[in-house]
Amino acid sequence: MSELAYVNGVFCDPADAKVSIEDRGFQFADGVYEVLVAPGGRLFRAAEHLERLRRSCEAIDLQVDFDALDLSAVIREGISRSGFEDVMVYVQITRGVVPRDHVYPDGLTPTVVATFKPKPVHDDAFRRTGVALETAQDIRWARCSVKSIALLPNVMLKQAARRRGRFDAVLVGPDGNVREASCANIFAITGGTLRTPPPDEQILHGVTRAYILECARDLGIPTEEAELPVADLLAADEVFISSTTMDIMPVATIDDQTIGAGQAGPVTWRLLERFRRNLTKGV
Ligand code: PDD
């Protein structure tokens with residue numbers, strides 16, 4: 001078992017994985033990415049992740065021959081070579097290597113890299129306690145549905161939250177509506193209804209988010225994808241955030257205000273259990 005990298009068709013030790021300093025990913029953050037997991041070696045919703053990667057490429061005019069690349073085979077091979085039980089896969093495609101100029105020529109060969117590492121572990125005791133969040137003005141660009149590698153605003157916001165002892169930031173638009181966390185989607189439960197902001201250009205259309213909405217429907221929990229004012233978030237019975245690497249992470253406080261009972265709530269936990277049961281069946 002060892003961490004593994006992949007660079008333009010070749011699997012290698014991460015220490016030997018190299019990309020040119022003239023790669024546009026390095027110079028301009030001109031690229032897109034995906035994070036997938038394979039609990040028990042079985043990929044979770046790979047088709048949805050690869051479809052979103054395709055959409056991200058299209059959105060930034062990055063032409064990739066996905067048939068020739070056969071990312072699905074690359075990812076499966078990497079998972080099997082790494083030998084980890086629960087794997088986290090990072091895939092990044094950038095526009096390629098060319099002398100630095102904002103304008104790019106046609107016909108560049110994209111740079112494709114991937115890494116295969118153990119999936120991060122969040123134990124249930126930690127989840128039961130719930131995490132602290134803080135609200136912050138969303139300072140990102142206007143195309144947040146694109147999974148761009150340009151993550152400086154996300155990095156700054158999460159780092160600032162961590163400095164203040166919070167787990168993450170909740171990004172709020174100028175209209176006072178909640179969007180998402182720095183690298184996760186957000187949900188609130190109010191009077192038994194599961195609420196989450198709509199899948200527009202202000203948020204990433206999370207694969208986990210979509211899956212949680214399915215789990216809720218399976219459980220007969222009413223769902224609402226609509227604007228979520230900060231005041232409603234703070235007054236919610238339960239709040240949680242979701243991402244591929246965390247699954248469902250309950251929230252205990254926001255801006256030091258206690259949410260519900262100040263720990264993982266019952267609806268959140270039902271969703272988490274449903275999520276896991278379906279996972280072991282393969283989804
Ligand atoms: N982040 N919103 C943002 C801004 C994200 O970066 C992510 C994922 C999500 C959740 O999407 P999904 O459920 O498809 O993972 C929402 C990944 C895990 C990351 O950047 O590491």
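## The largest pocket

The model is predicted, so local features need pLDDT of at least 70 and side-chain atom pairs count only at pLDDT 80 or more, whereas totals for chains, interfaces and linings use all residues. Residues are numbered from 1 along each chain as its sequence is written, and side-chain values use heavy atoms, with hydrogens and water left out.

Two or more lining residues come from each of β3 (31-38), α2 (46-59), α6 (152-163), β8 (178-181), α7 and β12 (238-243), and the largest share, 5 residues, belongs to α6. Helices (H or I, at least four residues) and strands (E, at least two) are DSSP runs, numbered from the N terminus. Domain 1 (4-118) and domain 2 (124-279) each supply at least three residues to the lining, with the bounds taken from an automatic or database domain assignment.

## Helix α7

Helix α7 has 13 residues (207-219) and should span 18 Å at 1.5 Å a residue, which agrees with the 19 Å between its end C-alpha atoms; the expected span is 1.5 Å times one less than the number of residues. Its buried residues (under 20% relative accessible area, 1.4 Å probe, protein chains only) are Val207, Thr208, Arg209, Tyr211, Ile212, Leu213, Cys215 and Ala216. Just after α7, Gly220 takes a positive phi of about 75 degrees.

## Cysteines

With a disulfide defined as a pair of cysteine sulfur atoms within 2.5 Å, the count comes to 0. The sulfur of Cys144 lies 13 Å from the closest cysteine sulfur, that of Cys183, and this is too far for a bond. Cys144 counts as buried because its relative accessibility is 8%, and Cys215 counts as buried at 1%.

## Gly191

Gly191 sits in the loop between β9 (185-190) and β10 (193-196), and its relative accessibility of 71% makes it exposed, a class that begins over 50%. Gly191 and Asp237 are 46 residues apart in sequence, while their C-alpha atoms are 7.2 Å apart in space.
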